[in-house]
Amino acid sequence: MTDATADTTTDEPSSERAVVLLSGGMDSATAASEARKRGYEIYALHTSYGQRTEDRELECARRLADELDAADFLRLETGHLSAIGASSLTDDELAVEDADMASDEIPTSYVPFRNANLLAMAVSYAEANDCEAVFIGAHSEDFSGYPDCRPEFFEAFERVVDVGTKPETEISIEAPFVEHSKTDIARRGVELEVPYEHTWSCYCENEPACGTCDACAYRLQAFQNIDVRDPIEYAERPSYADD
């Protein structure tokens, strides 16, 4: 895996290709722009797995793919994660909780083993299109609550890819922000001129964003910490900035 701070490349055209898991959110948009900055041609993969805000996420993912001049955009519908349930993102009987940024508990928004499912699809897509990398936007504040966002998980999954693909296939799993905070991502995204107005992070609503769920809270805090106004609409904009 490569560190996002190692900014040694430009947007020059390249023969290298990368699949980017493009949810339509802030983190995936920044990861896609990072991949583009490193010279990769983008193959965007968007997964619909029954999440509450899927309509808005898909709209944003398509717009981002256009902005990035992606070589391809693939949407996969996977009902199994919703059928399995046990997450407030996919189960209407579970409430999406307001943010508790001091908690060490795994939140109800955790989708069991989601990233293994998504990365498996991404690797299939990558191998079929001769891509050299798969990018995912996970970061350090994710893995504090989501076990499938930890650096060890991505390192282990890369070994699975090596064992489970053709001998000549070489695909790296790139999580460029895995050791960085959401604030770091926002700062890097502003440098990369990520069109954050075309992203969506809220777990609850398609418009406006609630401003109080975990995803909204961490996003608002990140923008507040770098003194940049988040360009999307919110029902509430509480202050989450670090003192």
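These legends accompany close-up views of a predicted model.

**View 1**
Let's start with a pair of helices. Helix α7 covers residues 182-192 and helix α8 covers residues 214-225; their axes come within 8 Å and cross at roughly 60 degrees. As for handedness, α7 passes α8 in a right-handed crossing.

**View 1. The side of α7 that touches α8, and its partners.**
From α7, the contact involves Lys-182, Thr-183 and Ala-186. From α8, Tyr-218, Arg-219, Gln-221, Ala-222 and Asn-225 take part. Sorted by class, the contact of α7 with α8 holds three nonpolar, three polar and two charged residues.

**View 2. Ala-217, a buried residue of helix α8.**
Next comes a residue that sits in helix α8, Ala-217. Its relative accessibility is 0%, and buried means under 20%, so Ala-217 counts as buried. Look for Pro-238 as well: Ala-217 and Pro-238 are 21 residues apart in sequence, and their C-alpha atoms are 8.1 Å apart in space.

**View 3. A cis peptide bond between Glu-207 and Pro-208.**
This view moves to the backbone. The bond joining Glu-207 and Pro-208 is cis, with omega at about -10 degrees. You will find Pro-208 in the loop between α7 and α8.

**View 4. Glu-193, a non-glycine residue with positive phi.**
The loop between α7 and α8 also holds Glu-193. Phi of Glu-193 is near 60 degrees, a positive value although the residue is not a glycine. Is the residue buried or exposed? With a relative accessibility of 70%, against a cut-off of over 50%, Glu-193 counts as exposed.

The relative accessible area of Asp-69 is 55%; exposed means over 50%, so Asp-69 is exposed.

Definitions and conventions. Residues numbered from 1 in each chain as written. Predicted model: local features only at pLDDT ≥ 70, side-chain atom pairs only at ≥ 80, totals over all residues. Heavy atoms only, no water. Axes fitted to C-alpha atoms, helices over the stretch in contact; angles between N-to-C directions. Helix = DSSP H or I, 4+ residues; strand = E, 2+ residues; numbered from the N terminus. Left-handed = near helix turned anticlockwise from the far one by under 90°. Contact = heavy atoms within 4.5 Å. Nonpolar A, V, L, I, M, F, W, Y, C, P; charged D, E, K, R; others polar. Buried < 20%, exposed > 50% of the residue type's maximum accessible area, 1.4 Å probe, protein only.
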